[in-house]
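This report describes a structure for a reader who is new to it. The sequence and the model come first, and the description follows.

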Amino acid sequence: MTTLPATPAATRTDRPDEPDRRLPALGGFAPAVLRIELRRVLRNRRTLAFTLIMPGFFFLIFGLPQGGQTLDNGRPVTAYVMISLAVYAAMVATTSAGGAVATERALGWSRQLRLTPLRPTAYVATKLITAMALGLLAVVVEFLVGAAAGVRVPAYVWLLAGLAAWLGSLVFAAFGLFVGYLVPAENVMQFIGPILAVLAMFGGLFVPLEVLPDVLQQVAKFTPVYGVGELSRAPLTGAGVSMAAVANVAFWALVFGVGAARLFRRDTARV
Amino acid sequence: MTSTHPAVELDGLTKTFGAVTAVDGLSLRVQPGEVVAFLGPNGAGKTTTIDMLLGLARPDAGTVRLLGGTPDDAVARGRVAAVLQTGGLLKDLTVGETVQMTGHFYRHTRPTAEVLERAGIADIADRVVGRCSGGQQQRLRFALALLPDPDLMVLDEPTTGMDVEGRRDFWQALRRDARAGRTVIFATHYLDEADAYADRIVLVRQGRVVADGTTAEIKNLAAGRTVRATLPGADQAALAALPGVDAVEVRGDSVLVRTGDSDAIARHLLTRTTARDVEITSRNLEDAFLALTTEHTGA
């Protein structure tokens, strides 16, 4: 027979509503916050206009008139245009969502967050996932516009091209974060937008690279959109995945990822 | 409130920005349950001290302990919350969404509806933050600070920019909320706020604590009058022993007696000593504040 020691009288029963003072799970990362973040980006008319409406509109005015024309392998040119514009839509979407940290830093929200248990890495993870969700939506909307307008390709092309466009836009989520931590400005997209358009041009998203002068074609291979564009169109053109394209994506993902991480660490360091 | 640790322990805090010493060896201890006003003019180092207290800034020297732990730990566990001047809000969220979102960062919070109610903004929960007045945004910051039901609440000039009515409403909300045992520290440069809402006033000037006492004690610094006279070789102890004398200060040939009964002291000085040039001046809280918080020249 054992005797239990007397339990201390001063348990917490005197304050039954004593708050739970444990640390939050996952550094404060919460799916419910993602929902609010998504609602925010979908409420932003400017974001919607540039990521969902404009690329779809571009397809209707630049893609549709080429209906009936085919690529070398017999696939429709409209699909080529559609996939290119899906890449463009996704990169604008992820850049603007990542770049939102600039706004939040300018407004002082990131300082407010430092007074909560939210860990900076959980904050960045939320921004990244929000960016990728918006990027996925951008790809899906562009594909829906294409499908509704009569683009027909095998299922695996839809799937692989869509996945490549979407996953490739991770490079631009990192780019958005990089710029977001570089400049605290309330409307960072005002000056990133034109930069993205130029990069998209060099990535062959608006016109095929083959129509550019040879020098520009060579330069284009080293710009950040080139790899994503090539990889996304590969399932359609059947041209295969070139090492140059893969290396391009890996290089720029690394550059922007490391850049964003360094600036992020500088931002969260104490003064 | 089972902890026996002080709510706040600041020890020798120092912070310089270039050639400017913002906080200069500041030490302070606050016990659980105290409501403390951190009172001083602009530039006294209040905000810098609060930044270090909360772990937002790193001290050049000295240590900070909150509730027996580090500021980071107290923040992560929701034991300390703050309403800062510079903390921003997202303009595109509604008031309610801001509270909901912030609530998800904690392990445990009070219900959203409750903190909105307590902060007096339940009626504007659906309003977009960008359309809220400065006072409403400040009360939203207060609602966010209420979320974790903190043991320690820190407010940095919470009513700056509010009109008189807004200030009154804000303090009423804070007072309504002051649950037994919560420690509150607020920085202010309004004397009346310190007087009306604090149990204890800590006066700071040039990054140092220049006076620290209960509200009554600080007011006593200011109450009554000062009798000044020229009296070489004054017997400080004898003067201090006179009835009604609060303090005696000897500066060279001058003696300053702080007292509630200036007539009796003046009579004593003129009839029982060789004092001459007797002056009687009255002091009020404003004078005490100014005297304690502005730089002495000479002397």
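## Salt bridges across the interface

Five salt bridges are found across the interface of chain A and chain B, a salt bridge being a side-chain nitrogen of Lys or Arg within 4 Å of a carboxyl oxygen of Asp or Glu. One of the salt bridges joins the side chains of A:Arg21 and B:Asp151, at 3.3 Å from N to O. Side chains of opposite charge can pair when their charged atoms come close.

The model is predicted: local features need pLDDT of at least 70, side-chain atom pairs count only at pLDDT 80 or more, and totals for chains, interfaces and linings use all residues. Residues are numbered from 1 along each chain as its sequence is written, chains are lettered from A and ligands numbered from 1 in the order in which they are written, and side-chain values use heavy atoms, with hydrogens and water left out.

## The contact between the chains

Chain A brings 36 residues to the contact and chain B brings 44 residues, where contact means heavy atoms within 4.5 Å. Together the two chains bury about 3900 Å², with 52% of it on carbon and sulfur atoms. Buried area is the accessible area (1.4 Å probe) that two parts lose on being put together, summed over both. Of the area that chain A buries against chain B, 20% comes from A:Arg21, A:Trp109 and A:Leu115, more than from any other three residues.

Twelve residue pairs, both at pLDDT 80 or more, are in polar contact across the interface of chain A and chain B. A polar contact is a pair of N or O atoms within 3.5 Å; within protein, one must be able to donate a hydrogen and the other to accept it, and residues adjacent in sequence count only if both atoms are side-chain atoms. On the side of chain A that touches chain B, α1 (31–43), α3 (77–107) and α4 (109–113) of chain A each supply at least two residues. Helices (H or I, at least four residues) and strands (E, at least two) are DSSP runs, numbered from the N terminus. With seven residues, α1(A) gives the most to that side.

## A network of salt bridges

Over all chains the count comes to 27 salt bridges. The side chains of B:Asp92 and A:Arg40 form one of them, at 2.9 Å from N to O. This pair crosses between chains, from the loop between β5 (80–83) and α3 (95–103) of chain B, where B:Asp92 lies, to A:Arg40 in helix α1 of chain A. B:Asp92 counts as partly exposed because its relative accessibility is 32%, whereas A:Arg40 counts as buried because its value is 11%. Buried means under 20% relative accessible area, exposed over 50%, and partly exposed in between (1.4 Å probe, protein chains only).

Within chain A, the side chains of A:Lys127 and A:Glu104 meet in a salt bridge of 3.0 Å, N to O. A:Lys127 belongs to helix α5 (residues 120–148) and A:Glu104 to helix α3 of chain A, 23 residues apart. Both A:Lys127 and A:Glu104 are buried. A:Glu37, A:Arg40, A:Glu104, A:Lys127 and B:Asp92 are linked in a network of salt bridges.

## Chain B

Chain B has eleven helices and 13 strands, and 51% of its 299 residues count as buried. An automatic or database domain assignment gives chain B domain 1 (8–219) and domain 2 (224–282). The C-alpha centres of these two domains lie 42 Å apart.

B:Lys46 forms a salt bridge with B:Glu157, with the closest N and O atoms 3.2 Å apart. B:Lys46 is in helix α1 (residues 46–53) of chain B and B:Glu157 is in the loop between β6 (152–156) and α6 (164–177), 111 residues apart.
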